[in-house]
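Colleague: Could you take a close look at how the helices pack in this model, and then follow that packing to the place where the chains meet? I would like one connected account, with the cut-offs behind each term.

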There are 2 protein chains.
Amino acid sequence: MALYVQKFGGTSVGSIERIQAVADKVIGYRQKGHDIVVVVSAMSGETNRLIDLSKQINDNPVAREMDVLVSTGEQVTIALLSMALEAKGCPARSYTGGQVKMLTDNVHTKARIRSIDDEKMRADLDQGRVVVVAGFQGVDEDGNITTLGRGGSDTSAVALAAALKADECQIYTDVDGVYTTDPRVVDKARRLESITFEEMLEMASLGSKVLQIRSVEFAGKYNVPLRVLSSFEDGPGTLITLEDDEVMEQPIVSGIAFNRDEAKLTVLGVDDVPGVASKILGLISSANLEVDMIIQNTAECSTTDFTFTVHRNDYQKAKSLLESNLEQLGAREVAGDNTIAKVSIVGVGMRSHAGVGAKMFAALAEENINVLMISTSEIKISVVVDEKYLELAVRALHTAFGLDAEEA
Amino acid sequence: MALYVQKFGGTSVGSIERIQAVADKVIGYRQKGHDIVVVVSAMSGETNRLIDLSKQINDNPVAREMDVLVSTGEQVTIALLSMALEAKGCPARSYTGGQVKMLTDNVHTKARIRSIDDEKMRADLDQGRVVVVAGFQGVDEDGNITTLGRGGSDTSAVALAAALKADECQIYTDVDGVYTTDPRVVDKARRLESITFEEMLEMASLGSKVLQIRSVEFAGKYNVPLRVLSSFEDGPGTLITLEDDEVMEQPIVSGIAFNRDEAKLTVLGVDDVPGVASKILGLISSANLEVDMIIQNTAECSTTDFTFTVHRNDYQKAKSLLESNLEQLGAREVAGDNTIAKVSIVGVGMRSHAGVGAKMFAALAEENINVLMISTSEIKISVVVDEKYLELAVRALHTAFGLDAEEA
């Protein structure tokens, strides 16, 4: 007998039929003797409907009232799911974020969770009830309704699982787990049985969209085993957990992430003196543009080249900004390319294995793919390549690191 | 400078345009220096939309969850109205029933208010904010969301006005006040400048639909001056207040109420002994049928006739019930008529005036209207007449008691 926190997103509760299906799934777990706390989002479309209403009043509505408005979306779902459970003979009780004292700071529309009062939920579970909690919302110390921002329901679920010391936090989505890479690009992509929090964080920040980074961070911090499963088909999904020291043979690389939204800019002929990087990046960040990879080569003469990547949408803005400040930067000219992509290999096994980079570059070279930039962290290596080689690079690396699914 | 509680119903906030209009009206009062607490219902149609969702799950949903569901309707409105006020430069803050601790008993879907915490509202008013409160909803002692039942928003407004000791509770509706009688029946019907709580209660219970009986009772109990006004046009409306002993010349009759939903039943030839009435009415109430007027004549012989009225929808059921229990009741037969109507004159002035009844019967006799039943209370006289004479009776009484509007 275990305690599971199960989170169902907007698509999974998007109609009365789907809410009924969620109720059936929950009851299935109950019948195996498990205690269940369910966290739900607003029915798909509902949050947008509410935001549209507010936009008819004002493009920039007061954040406090925005939270009062959109938090009704999950409140509707908890009531309907509890009704569906009760109608099927399963005792259930719903709670808004406020009612379980999901205490947050007071940053409306993107609040952060501070604590949860589990007393009522414990009492309900002890009495054999399923507890249904509204995700995405909380209250601040003064009782004002807050929301955690889009996707915050995952974080609510993890926070509840941590507070209740649940055996597992199960995130039901429209995919059946975390894959070695995007199956739409590599048809031999495999669902992973498990992956570590660190790897999942790298995968998420590199473009894999299965889970919100914030909820993975939270789960890692409180060591809440997190499982990604499909709402629509049965299956074990992927378990996201701490690194298991017992397992001798960690895979070296667990997954390949990639990202097309990249563009690179090179400032040519700047003085190779301290302070140049800060001048260039200061200029970029003053325009609220975010920088991803940064590379500066050791100079062979008194000047050097400085290269960095930005989101492709910010490319023109960043380029113009640099060009109109050439003199101030002491630079000769600006070059750029917005047809690049980033490919990354991720795996905690890299920590204890040498030669992973060499193997990666060899695999790319074999396909005649030129590497434009390289960046590394303890458990990942990212390369920038010409966009047109993206799929080829991902497939080559997927095979090289032994990730391909066996033929059925 | 006064403190007004202003309540706007579902039609008055039924669209973004109407919510904007309510904001303008509130700001108008603010600009005159008044403090304003606004109470709102769900946008028209929203409560029904939510109920329809629940009915797709279960015809008889759990009452606790029903309250969680439908209370979102008002929550959407308070957020949108607060946004609209803020967008027009008027500081505002919204509160759900739970947030102002509108404490109720735990009878879900028809809870009764016990107390209100005015601390936060006072603080907001002191800081120059308009306070926007969700009507119709509260919380019980355990923090469960409750609702007051349909029309409960009027009661919320009166309760808030009582708690805040407001100068006036203004109920905005789609009519511009309380009339001497229904203007659709009598074109000379006049809007009343004022009416007492007692008269309004009689008018409401006799069929006038302007205000919920419960909210009038509440206002009377706590002596909250209540004003009915139009949401859509300017005007003073009608003030509902305590009887003013200062006014020497109270009108004898303030209004004429009427009701078509009546049917009468007569049990003929029952023994004129104690316990007969309780036997008959016990039978009727055991079937959950409500009885309105009751009349038993003094008997001239050992048997008598017993007559009462029920709602017209219950007529057949009540008649069959009596007929199948004739023997048990010791009655000869049952007669009935479901084409009758009730007409009532209402006025606190009756207390100090003799001959009101005589005047009423004379006016009816003059039109050859036969009176079938009579029932009186301290401030009202009701008669039952053949339905076909209803309009004629109302017009005749309206004229006889000097209620007709002067020709423009």
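**Helix packing**

Modeller: In chain A, α6(A) and α7(A) run roughly antiparallel to each other, a label given to angles over 145 degrees, whereas those under 35 are roughly parallel, 65 to 115 roughly perpendicular and the rest oblique. This is a predicted model, in which local features need pLDDT of at least 70, side-chain atom pairs count only at pLDDT 80 or more, and totals for chains, interfaces and linings use all residues. Residues are numbered from 1 along each chain as its sequence is written, with chains lettered from A and ligands numbered from 1 in the order in which they are written.

Two packed helices are described by the angle between their axes and the distance between the axes. For α6 (residues 197-205) and α7 (residues 213-221) of chain A, the angle is about 165 degrees and the axes are 9 Å apart; axes are lines fitted to C-alpha atoms, for helices over the stretch in contact, with angles from 0 to 180 degrees between N-to-C directions. Helices here are DSSP runs (H or I, at least four residues), numbered from the N terminus. The crossing of α6(A) and α7(A) is left-handed, that is, the near helix is turned anticlockwise from the far one by less than a right angle, clockwise being right-handed. On the α6(A) side the contact is made by A:F197, A:M200, A:L201, A:A204 and A:S205, and on the α7(A) side by A:I213, A:V216, A:E217, A:A219 and A:G220, where contact requires C-beta atoms, placed from the backbone, to lie within 7 Å. By class, that contact has 7 nonpolar, 2 polar and 1 charged residues (nonpolar: Ala, Val, Leu, Ile, Met, Phe, Trp, Tyr, Cys and Pro; charged: Asp, Glu, Lys and Arg; polar: the others, Gly among them).

Turning to α1 (residues 16-31) of chain A, this helix packs with α3(A) at an angle of about 55 degrees, their axes being 9 Å apart, and that makes α1(A) oblique to α3(A). The crossing of α1(A) past α3(A) is right-handed. Here A:I19, A:Q20, A:V22, A:A23 and A:V26 of α1(A) meet A:L80, A:L81, A:A84 and A:L85 of α3(A), and by class this contact has 8 nonpolar, 1 polar and no charged residues.

In chain B, α2 (residues 46-57) and α3 (residues 63-87) pack at about 155 degrees with axes 9 Å apart, and α2(B) and α3(B) are therefore roughly antiparallel to each other. Their crossing is right-handed. The residues that make the contact are B:E46, B:T47, B:L50, B:I51 and B:S54 of α2(B), with B:M66, B:L69, B:V70, B:T72, B:G73 and B:V76 of α3(B).

Between the chains, 26 residues of chain A are in contact with 26 residues of chain B. On the chain A side, α2 (46-57) and α3 (63-87) each supply at least two residues, and α3(A) gives the most, with 14 residues. By class, this side of chain A has 15 nonpolar, 9 polar and 2 charged residues.

Chain A can be laid on chain B with an RMSD of 0.1 Å by a turn of 180 degrees and a shift of 0.1 Å along the axis, which is the relation of a two-fold axis. In chain A, the C-alpha nearest that axis belongs to A:T72, 2.6 Å from it.

Terms used. Two residues are in contact if their C-beta atoms, placed from the backbone, lie within 7 Å. Copies are superposed by least squares on the C-alpha atoms of residues with pLDDT of at least 70 in both.
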